[in-house]
Every structure is written in structure tokens, then in C-alpha cells.
Amino acid sequence: MSTKRLHNFWTKWRWECLLVLLIVVVAFVNARASNYFLNSTNLLRMTSDFIEIGILILPMTFIIVTGNIDLSIASTLALSASLMGYLFMSGWNIWLAAGVALLVSICAGLLNGVLIARLKLPALVVTLGTLSFYRGLAYALLGDQAARGYPPEFTYLGQGTIGSTRIPFALLIFIVLALAFGLVLHKTRFGRYLYAIGNNKDASRYAGVPVDRILITIYVLSSVVAALAGFILAARFGSTRPDIGLGLELSVITITVLGGVSIFGGSGTLVGVVLALILVAILRFGMGLMNLQGQVQDIVIGMLLIVSILLPTLIERFRHTWHWQPRMLWQSLAALLVLVLFISFFFWSRSLILFR
Amino acid sequence: MVTETRAIDAPHRGLVQTFVRFREIGLIAFIVVLAFFVTLRNPVFLTFNNLRDIVLNISILVIVALAQAMVIITRGIDLSVGSTIGLSAMMVSFMIAAMPELSPWLMLPLGMLIGAILGSFNGTLIALGRVPPIIATLGTLSIYRGLIFLYSGTKSTINAYEMPPAFRQIAKGAPLGIPNLILFAVAVAVIVFLFLRYTRVGRDIYTVGSNPDAARFAGIPLQRTLFLVYLISGLLCGLAGVLWASRFESAQNNTALGFELQTVAAAVVGGVSTLGGSGRVIGVVLGAFLLGVINNALTLIQISPFWQQAAQGLLILLAVIVDATISGRLQRMIGGRS
Amino acid sequence: MSASMPVFVMQEVSKAFGGVQALQNVHCEIYSGEVHAILGENGAGKSTLIKIMTGVYQPDSGSMQLEGRPVVFNNTREAQEHGIVAIYQEPSLFPDLDIAENIFVGRQPVRWGIVDWQRMYADAQALLERLGLKLDPRTKARELSVAQQQIVEIARALSMQAKVLIMDEPTSSLTLGEVEDLFAIVRQLRAAGTAIVFISHRLEELFTLADRVTALRDGRYVATRMMSEVQTSDLIRMMVGRTLDELFPKQMVEPGEVLLEVEGLSLPGTFTDVSFQLRRGEILGMAGLVGAGRTNVARALFGIEPASSGRIRIAGREVRIESPQQAMALGIGYVPEDRKLHGLVLELGIDHNISLPILERFSPRGWINTRSETEAARHSAQQLEVKMASVAQPVGQLSGGNQQKVVLAKWLGTQPQILILDEPTRGIDVGTKAAVHALMSELAAQGMAILMISSELPEVLGMSDRIVVMREGRVAGIFEREGATQELLMAAATGAR
Amino acid sequence: MSTKLKLFAVMSLLLPMLIACGGSAPATDGSATNGSATDVSPTTAADSQPASDSASGGAKTYVLVPKNLGNPYFDTANKGAQEAAQELSVTVTYQGSAAADATQQIQLLNSLIAQNVNGLAISANDADALVPVGKSAIDAGIPVVTWDSSIAEGGRTVHINQAVSADIAAIQIKMASELAGGSGKIAILSATSTAPNQNEWIALMQEELKKPEYANLELVETVYGDDQDEKSYTEAQGLMTKYPDLKVIIAPTTVGIAASARAVQDAGKIGTVFVTGLGTPNQMREYVKSGASPQFALWNPADLGYLAIHALHAIASGQIEGKPGDSFSAGRLGQYTIADDGTILLGPPTVFNSDNIDSFDF
């Protein structure tokens, strides 16, 4: 019985276990490589760099579980933060401005949701369009200006710490949100519907699941949460410019997928996604401590993403349907040759300019 | 024999069907209307020089958007195109800067080879490794971009003065009266058209995208076709990289950064369905042209630069919505099965 | 049996998947110019056998011979090149390509490596004419009806000069008239010397078409018999290994008051002016050709694609149904025609599938009480005798018959007053079929009103109290159980005198 | 092949000499420059090692943080910084984010603060957004010198001003006026609309144009090329199309000026439309000679990096506190004093034209 339970636990939480293992390995390597890693001040300060991404991955998980995607979150974030900044600069109370920006973010989410759910347009295409549209609106609002001078009670959102501790207040927001999203995804009807839609949208509809309404809801949720993340980011910066959070969507999607959420929808857990966030955070922080350049860090994260998706499929294939054919030998040899030639050319040709 | 009666009578149906088959008409109409209003605001729009500039500006986009379209037809996506262009441009520029005595035309096959290798890496991951295209190319987007940075090292930019004039002539020359860049785009469009229409491999691309399961049963080499599509995508990006370096007379770390979004937009606006199986060369060319016109028009009609991105996003969104609702409605009218 | 030597022979073929023996020492001889039926319940190994014949799978042991020479197929292409072609249950066309290209997919006629479209269209036209389909070969496949698609698939097989044509339940999506047309084509092919392997769950079809029959059971070969020498009961015994009680165990109950009343229901392009009544305790059969609008009426009643005009009354009260949620609130349940696409979420467990439409019951405040959910699901599944490893097992792993039972359990869980069953026994084996019929009868006896759409006339005749026949989107006639015959229904469905 | 190799050998000998003539030290020591010549990977053990050393009281380690990596302007500044490092016997590492983005830069700075480096020299991507992180560095005892682009007050110890902003604006308008012959339409092609230094210069240029001697110059539009080559190119093209009688494009950004010059050249408008602004000689050499951009200005970015490190070292080693009025010696550049607004001024920008351009290499 207990082995069976263990087996069940393993099949259900395999991905999460692997992520924990990876986190331990990375933390260990970091601690060995740098004396500054295992330092509570440093770790806490580092968390604030990942809070906005962390908040954004929560609704993104919902959306990808249903088999859709939202490329526009970073732009919605910018739109909300810019609108808030714009209103604040025109003399509004900061909380009132934030409230209005929140309302606008609801509209932004509604537009995404309605186009996807009602007009049945592909999510990728719609949010690619709004990615550009919402970001453009942010530019239209603030132009070359920066909104600044936010009152301290607002900047506390992004810069403040809880009481006399060094724990960032925003971390608390993230933890509360993550718990809420996790409970909704795994313990409620709404969460169950998300998985059902992700696996088979039509069958869910036939079973009386209000598919359209749910899709619209999660896109609105995504935009509202993006607005919240925008406020926190603006508070952390103490200012807003329209390019705020540019390109965040790629990191968010990367972490979500790394967390075991299938890009085709229908599977994945929020625990896994949060673990992936922690993994990426300490990996990036560790690489920063080892003074790896930004682009090199991107290469590492990109490889991690590919390998994490590639390995399970490869293992699965080798276990089941794999049979050796002589053809494969020649193919892999050819591939290896091309790779070696390419690498040689890569280094040789750069040396022509750099070492002359 | 078994023939179903349908909701629409024959002549009406024929007309609708023609429209569905040539949905590019809608795109052309959109462009014409746009052009009309822009010309009203600023007659410069319809001058020869301005139109030539538009066509020049979209030439590289056309090449890469066609590559992107082929990938999307197979239900995939290639997000790494911008990085592939950048790496090809950088490596080629290094070569030509290091060996200015080489024939610059040699750079074309070199760039294409580099692109093809990068593309085949994507293809291996996707066809052999079964990694979802969006994930694989999202990964290689960062990896290839990082490689550009690693490659260029302390040099980071190849400037105009380091490139022999002959190399710059690859894109800029106009021995036939028409700028080479446009000729390249036209040639690629024609070749891709012929390839997709008149070769079995080209037809396989549609087959695989239209119904992958059935394709396997029909004996279509699914993996090989996918691999090939990404290889071709890389190859065209490699070519685009050479043209880019030649046209902009420089290679930088951020060359073609974010270009993938434009190529996807051009393909999708051009009527390539992200659900796979359909899309035409002429549509993609028109899609790219529409993007070029929008860009140009926004500048010409004095829209504040701060509003330009919003207007661009909105117009793309509109084009997609209009296309989807109209073609969806027509599709239903002729009683198509979902 | 024209030839003395079989065209295709399988000897002692075995195949296992991860420890499960799908086929064990099966042999089979197929002659040119015969229609050879392969019979077996779901899971008996029919589809594995076909997939080995067509090169999708490679056998673990055993051998195959084509025209006396041993052959090995590494993939479907090699099998096709040897003239062995299969047509699968679900048409596997390419919706975005036109008819001609669907026929010649992967084998487009080329001249100097260049696809010769003109020749392709001409050849396709010739093939279509030979099969009597009057369609432009430039028509896109997505614009075709199921029957037309099937004919395109046959044209594809013909174009490959198939020596052996395998048809896997080709009739399951067709209606009677279309079936007749299909059979005419099959006979024509047989006369031309093609060997045809035919798979169907509709035993009566085999008697009209097949020459010989081979039965499989649990992955093992049972027997090969001449069709002329066997009767239905023999076939069932070969398949099931025992004799089965009645296939249509209809209990006669006195229908109660009118529960559902449909009046003048229309949706342009699909159905027009549909009216009928459904009583408590009644099974109302709905017959007609595919495309006659039967499924559309069902979908309209369930709010998936609402009707644009007309009235629906439930228990005398006029209602508007614009979404499945509304329909469910009114006590309507709908078992859709396509189990895998619409009936089930294959990746989810049996429990989560059964609870999906009634999740609110286990989550009054949004929070799911998993324990009571699992218990309820287990109870429903056991009642319907679903064979499962655990109640959390993904339904995708179950056999077709068991999947259908899960769909039924799911809808019975909503405790509907009105149950719409769309092709409830399509593609499921005889054993389960009988069980489903018994269940329907039982439910009606308890007072449920059942609307059953079926393309199998024996089923319609055997199970219904009354029968609505639809043709071209309209009600072509309503028949009482007494006095309804296959001929009458056929005539109404096709409009023939 | 072998002849080719020989050629390379000769060229590789010549290159350092050229660089030396240019006045900057060749960045060949490899311990600090990213992707340096001796190592394929931009990071070596040496990169992270000094940080640990500094904690244990060894040679000081400073970090030069550009807006982003792979930008030739900043790479040149790094050359100057390395020269200063050698003179002062300290280590200067060059650390940047992949994109010119405040979020990424803050992340980087946090990891540098965590390492307890001895000082930071930053070119800020966002003046306001970097204030909190700058403040936390100062709180942690790490002096923050900004250069090129400043962090707003409170987030930095001192700022090295490449030139007085008003001077930069004035010299560009003056060059434009000379090229336009005193009258006509001019336009500005900037980097991103959010770049603080760009916006300041643009505002000052507009002020400058109000002077009577520029009364005949008309600034028709400001467009943004986002420091992307292709976007800048199309924007410049758009300007020429829109204003057929445009005389001068001022691009106060190194990417934009090269792209504009190329657009002018490609349009065959050399002699009709002139490009000026701020650019590096290497990028512009071609266009100065072709006449597309007869003159442009820039300070020497290497000097900027050089001065930043000297100032940082003066503060970090306790020679000065970084208060207004403090004065320190910056090697070959001489003595500098911190002005009242907490800034240090590098000096007037150099104007490059066909006479002097060949004597510069950066």
C-alpha cells in the first residue's frame, strides 16, 4: 500500500520533485561558488526582482492550462501603470488613479477575452495584436515623459518592507496571491473547469461548462493582475515610463512552461510553476553573482527550457518505441559533423576579427 | 449518387466560393482604401519614390514572412527568426570584414548555410525531439541572440567602413534598373510559390499542416517535412541576414531584434491560418505590403510618433478581425464542415 | 472465390504493447475478389490486425505474404506501394486540400519533378466519375459531406491500384441510403478482382455484403466461415464466446403525459419547421440520412447551436434554450454522437468526467468536496458496470464500449427528465450494445423521456415507441412502432416512392 | 591560405598600434573586458574572483555598468575604464544587462550589491527607477558614480557629465545651422522616447533655437528610432519623404546618426540633406567622406569611462567624500572639481569632420 501510494505520489508530482531537486542542486552550486549567495539580506533583496514576474505567472498558468496564451500581459502592465502615472501627474489622487487604471485593465482583458472566446480568434494572434496595441497606448499616454513623485504610501507597495523585518511587502502580496490562485486552480470548480477546457473545449461545452464566460474571466483576471504587477513595478521604480516591463511576457511564459504546464493545455500545477519561478530566480541570481553576462544568462535559461521539455519526451521514446536502425547512426554522425564544423567556423571566423 | 443539397443555390454559391478562394481580395481592398485616405491627407504617398521606399522596406520582411508562413502552415511557429537573421548578419559581416578581398556574392551562400544550420537545429528539436515549436523556438530565440553576443565579443559592431563597397552592393545595387533587394524578394516569393505549388515536398507541407494524423497514415514523411520546413525557414533567415547587413551597412548585437513579431503579423494578416494547412504566397506578400503601407502612412499623415505603435497594433487587430469574421461567415454560407 | 491462391496471407502474427498481448498467433487468408469480414468485439484485436497489415505497426512475430511472396512493411507507405490500402473509421482527409489532391496525396503525378496539376485533375475526375460522384475535383475537402469524403477515400484507394482494400467500419457514419451506395461500389470493386477486408459492428450488413468472415476474440483467432453458412447467433457466439440475450430488450410501458413539445423549430441552413412531441416513458427514435438535420435538432434542443425560430415547451411551459447550462437546468441530458470529440475529456479520470456536469452539486461554495465527488462517481460507474482499474483512470485508456458507459453515467448523474441519445451504440461491440439498450429500456420504464437518434434501422425499429424520420432538414414522417418497417422508413428518409 | 594568414598576422600587429594612436589602451588584459580576446566565454574565473578578494581587503574592485552590453559606445567607455584601472592598480569589471532596460539593470545591480563590490559606475537606463537601488547601494557603503546617463538625485554619489547639456544642445544646433546655411527645415531623430538624456537635449535644443541667430531654422518634427538601426533608418526615410525640402537631420544618438546618414546616402540626397548630431568616428567615417554627414560631435567615451573610474576610486578610497567642491586628480585628464549640483564635467565635445576623423579610432 505504501509503495503504491509512493508510486502515485511520484506519477502525480514527478515534475515538481525534479524541480525541487534542481533547485537544491543550483542552490548548492551557488553557495559553493559565491560567499554572497546564502545571505538573507541578499536573498530577500533579490526576491523583489522577481515579484512582478511571479505575480504574472499566476494568471498565465490559468490561461495556458486552458490551452490559450496571453502575450499582451506586459503591455497591459505598461498601459495600467502609465495610465495611473498619467492621471497622477494630472493631479489625481494616486489611489483613485490606480482604481481607474484597474478599470481600464478590465476593459483590456475583456477585449482579449471577447475576441478569443466569442469571435473564436486564435489567442496567439489576438494577444500579439493587443501586445502592440496596449503598449502603443502606454506610449500615447506618457510619450517621452516619466510619471514620478509618487507618495511614499504608494511606493511602499514596491519598496517597503514588513515592519522591522527585511521582508519586502510585495513578497507578501505575491505569497497571498499564489496561495489564492493555487487553491482556486486545484480545489475549486472553476479550477476543474480550466483543466476540462484545456483538455477538450467542446466536450466541456457539451457538459455544460460555461466555456466562453470562463475564458473571458481568466483574460480579465490576467489583465487585472497585470495591472497590479504594474503598480508594484511602478512603486518599486518610483516612476513610470511607457517602456516599463518591456518583453516580460517571454520570461513569464518560459517560467510557466518550465513549471510543467503543457503549452497545449490541460496539465500542470501551480506548485510546479512557483517552483520554476524559484529555480529561475536563484539561477539568475547565482549567475549574476558569478558575473555571467545577461546574454549568457539568457542562453542558459533558453537551454534549460528546451532541455526540460526535450528530456522527458526522449526518455519516453527510448523506453517504448525505440528501435535501433543503422540509418540513425549515419544521421547522428552527420549531425555531429555539422555541429563540429559549425562550432569550428564560429570560433575561427570570430578570431579573424577579434585576435588580429 | 450521394449528393447533399445545400442551403445556397448554385450561382450565389459560386460567387461566394470564388471570394473565399481568393480572400486576398479583402486585403487588397483594405490596402486600397487605406492608400486612398492617406493620399488625401498627403499626396506624397502615391509618388514613385515613396512607393519604392515602401517596397524596399518590406523586401526583407517578405522573405522572412514567407519562411514564417511555411512554418505556420505546418501548425508551427518560428520565434527564432530575428535571432537567426542577427547571427547570420553578424557572422557574414565578420567574414567580409576579415576578408574584404573575397567575392561578396560568396556571402550569400555562406549566410544561407549558417541560417540553414541554425534552422535545422530547430527542426531537430521539433521533428525529432517532439518539442512544441513555440517552446523550441522561444528557447533558440534567446540562445541564438546570446550567441551573437558571444560571437561579436569586444567588437560588438561591424561598421560601414569595414565593409567593402561591393558587399553593400548586394542589396543596394540595381544593375537591372530595379534595386537588387526587391529582386531578391521577388525571386524568393516566386521560388517559394513554385515550391509550395509544384513540388511534392511543397504539397506535403500543406498536407502535414492540414491533418497531421491523416498525413502519417497517408505515408507522408511527417518528421522529415517538419525538419525541412524549419531548415528552409533558417535558410531564408540566413539570406535575410546577409541582405540586412548589406542594406544597413552594419551588423550589431541587436540586429533584427523583435523581428519575429512582424513576420508573424505579416503572415497572419496575409491569411495564413495559425490552425495550419492554409496560406498562400500572394497573401503573405500582401500582408507584408499592408504592414509596410501602415508604417509608411502613419509617418506621412503626421500621426504623433507616440500614437504610432497603438495605431499599428489596432490596424493589425482590425485586419485580423475583419478577415476572420468575413471569411468565417462566408465559410458557413457555403456549408463547410467545421 | 475466383483465385485458388490467396492474395494476402498472415501467419501466426503476434503483437504486444507494453506487456499486453493484443494479438496472439492470428492467421488470416484473403482472396482476390472476395469481401472478407473481420469480426470481433472492441479490444478483440481487429484494429491492431489492420494496422499490422497496413504497416502502421510491425508484428513481434509471424509473417505476411503477398501473392505468395513474403513481405515486411516498415511504414504505411511501403504497404501502399504493395497495394494494401486502408480506409479508416473516421475519414482521414485533409480539409484544406481539394479533392484531387486528397486522392493523390503524397503521390501527385509529376513530370520532371513538377506536380502536373492538369493530369491530376483529369485523373481525379475520371476516378470520381467511375464512383458516380458528381463533384468538381477542385472542391475543398472541408466542404464535403461524410459520405462524399468516404467516396474520396475510396477513390484514393482505387488510384493506388489497391489489391487489398481494408475498410474499417466505413458505414458507422453513414445512413442507409449512403450505405447502399457504398455497397454498390464495394461490389463493383469486388467484381474487378479487388480483395476487400470489411469491418463492421452491424451484423446485418455483413450478410448482405460479405463472402467470408473471420472472427477474433481477445487477440486470438477463432474461426473463418463462409457467410452463407452462418446465422446471426453463430456470429455472436464466435465473437462473444457465448450466446447473448436479446439485442433489443424493449420493455413496453404506457407513455405518460407530453414532456417535450417542439413546434416549428428552424435554423436556416440546417433544419426547417421541425415539430414533434415526446412523452414521459417514451423512446422516440429519430431516423434519417446523415445531414438530414437530426443532430442539429438535438444540438438546438441542448442549446449548443440554438434554433433561430420556433417554440420549445417542456411540461407545457414554453422555454428558451440558448446554452447547455440552460438545457441542463431544464432537465435535458445529451449524449453526443462523437464520444471522443464531444462526449468525454479523454485525459481526465472517470470520476472527473462523470462529475463535470454536476460539479456544482459537490461544490456549493466553489470548493470541491473531492470525497463525495469520487464516491458519487464510483457509484455511477459501478452501476453501469464500467470496467476500470480505478475510478481515477483516464477515460482515454478505456475501450469504446466502456467509454460510452462513462458518458451515459455522466448524463444519468444529472438526473435528466429528457435524455437525448445521439447514435448511442455507434462503434461499440455487441455485448455493450445490448447493455446500453437494456439500460435505455429500463430508464424509459422509470418514466424518463428518451430521444434516440440512430442510423441503424434495426436499432430504431427495435427500441423506439415512435419514430420521427427527417429528410433535408424537415420532418418527413412520424411512425408508430407497430407498422413501421425498414422499407417505410427508408422511403421516408430518401423521399423515394 | 597561408598568404591570407600572414596578412592576418600583420593586421593583428597593426591593430593595437592603431588603437594606441587613438589614445586608448588596448583592452587585451582579458581579466575584465567582456568576451575578451583571450577567452571565448565572457566570464572567466578571474571575473568573479576579484570580488571575493575585495571582501578580504585586497585590491579594490569596481564595476562599470553600461546601459546594455554590445553597444560600441559603451564598449569604448570600457576601454578608458580599463586604462584607469591599470593606472590605479584596481580591477574594473564590465557588467551589463542584455537589453537597455531598467528592470534588467536593477536585477544586475542587486547582484553586484550582493557581492559587496567597492564601487559602481553606472549609465542609467531610467533616472527615477534606479533611485531605490542606487540608494540601497550607497546604504551598503558602495559609492555610486553615474556617467553618460544619470540616476536622479538621492540614488547616486556624483554624476560625470560628458558635457554641459546646454553645450551639447548648442553645438548640435550650431552644426545644423552651418550645414543648413542658416535657414531651412530641420528635424530631430532621437533614440527611445524614454531616454532621459535624449529628452533633456531635445528640450535644450528647442530652447537654443529660440535665439535670434537661428530664427530662420524651423524644427519640423522629432521622431524616435529606438536606437534600432532599421527603425532609425525608416524614420529618417520617412522624414525625407514627408519634408521634401528638409535640410538637416540632427540625431543625438550614435545609432540614429549612422542610420540617418545611410538613409540620406541611399536616397541619393547627399548635398541636399545633411546629417549631424552625436556619433562615433568609426561608425561615421564612411559618411563623413561621402558627404552625407560632413560634421558631427562627440566627447570621447573612453575619456568618460576613464574619468568615471578615477572619480569612483577617489571616493571609494576615501580621498574625497563626493561633496560639491571636492577636487581630485584624474590621471592624464588632470584635476577635476565636483560642481554644486553634484556633477563633474568632462569637457567640451569634439567636433569631427573630414580633417580630423582619421586620427580617431573608437
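Which residue of β14(D) does D:Ala297 stand opposite? In this predicted model, in which local features need pLDDT of at least 70, side-chain atom pairs count only at pLDDT 80 or more, and totals for chains, interfaces and linings use all residues, the residue opposite D:Ala297 is D:Val351. Residues are numbered from 1 along each chain as its sequence is written, while chains are lettered from A and ligands numbered from 1 in the order in which they are written.

The pairing in question joins strand β10 (residues 295-298) of chain D to strand β14 (residues 350-353) of chain D through 4 bridges, and the two strands run antiparallel. Helices (H or I, at least four residues) and strands (E, at least two) are DSSP runs numbered from the N terminus, and two strands pair if DSSP finds at least two bridges between them. Strand β10(D) is covered on both faces, with D:Gln295 and D:Ala297 buried on one side and D:Phe296 and D:Leu298 buried on the other; a residue is buried if 20 or more other C-beta atoms, placed from the backbone, lie within 10 Å of its own, exposed if 12 or fewer, and partly exposed in between. Helix α8 (residues 229-242) of chain D has 14 residues and reaches 20 Å from its first C-alpha to its last, close to the 20 Å expected at 1.5 Å a residue, the expected span being 1.5 Å times one less than the number of residues. Because 12 of its 14 residues are buried, α8(D) is largely enclosed by the rest of the structure; among these buried residues are D:Asp229, D:Tyr233, D:Leu239 and D:Met240.

Chain C contains 18 helices and 22 strands, and 53% of its 497 residues count as buried. Its radius of gyration, 24 Å, agrees with the value near 23 Å that a compact globule of 497 residues would have, where the radius is taken over C-alpha atoms and the globule rule is 2.2 Å times the number of residues to the power 0.38. The C-alpha atoms of chain C fill a box of roughly 70 × 50 × 45 Å along the principal axes.

Within chain C, 4 strands form an open antiparallel sheet in the order β14-β13-β16-β17. Strands β14 (271-279) and β17 (317-319) of chain C stand at the edges, each with a single partner strand, so one side of each is left without a neighbour in the sheet. The twist averages 20° from one strand to the next, with axes fitted as lines to C-alpha atoms, for helices over the stretch in contact, and angles running from 0 to 180 degrees between N-to-C directions. Strand β13 (residues 258-267) of chain C is joined to β14(C) by 6 bridges, and C:Leu260 has C:Leu278 as its bridge partner. Helix α9 (residues 294-301) of chain C lies across β13, β14 and β16 (309-314) of chain C, at about 115° to β13(C). Elsewhere in chain C, strand β18 (residues 332-335) runs parallel to strand β19 (residues 418-422), the two being joined by 4 bridges, and C:Ile332 stands opposite C:Ile418.

Between chains, 27 residues of chain B are in contact with 33 residues of chain C, two residues being in contact if their C-beta atoms, placed from the backbone, lie within 7 Å. The largest share of the side of chain B that touches chain C, 6 residues, comes from α9(B). No contact joins chain C and chain D, whose closest C-alpha atoms lie 37 Å apart.
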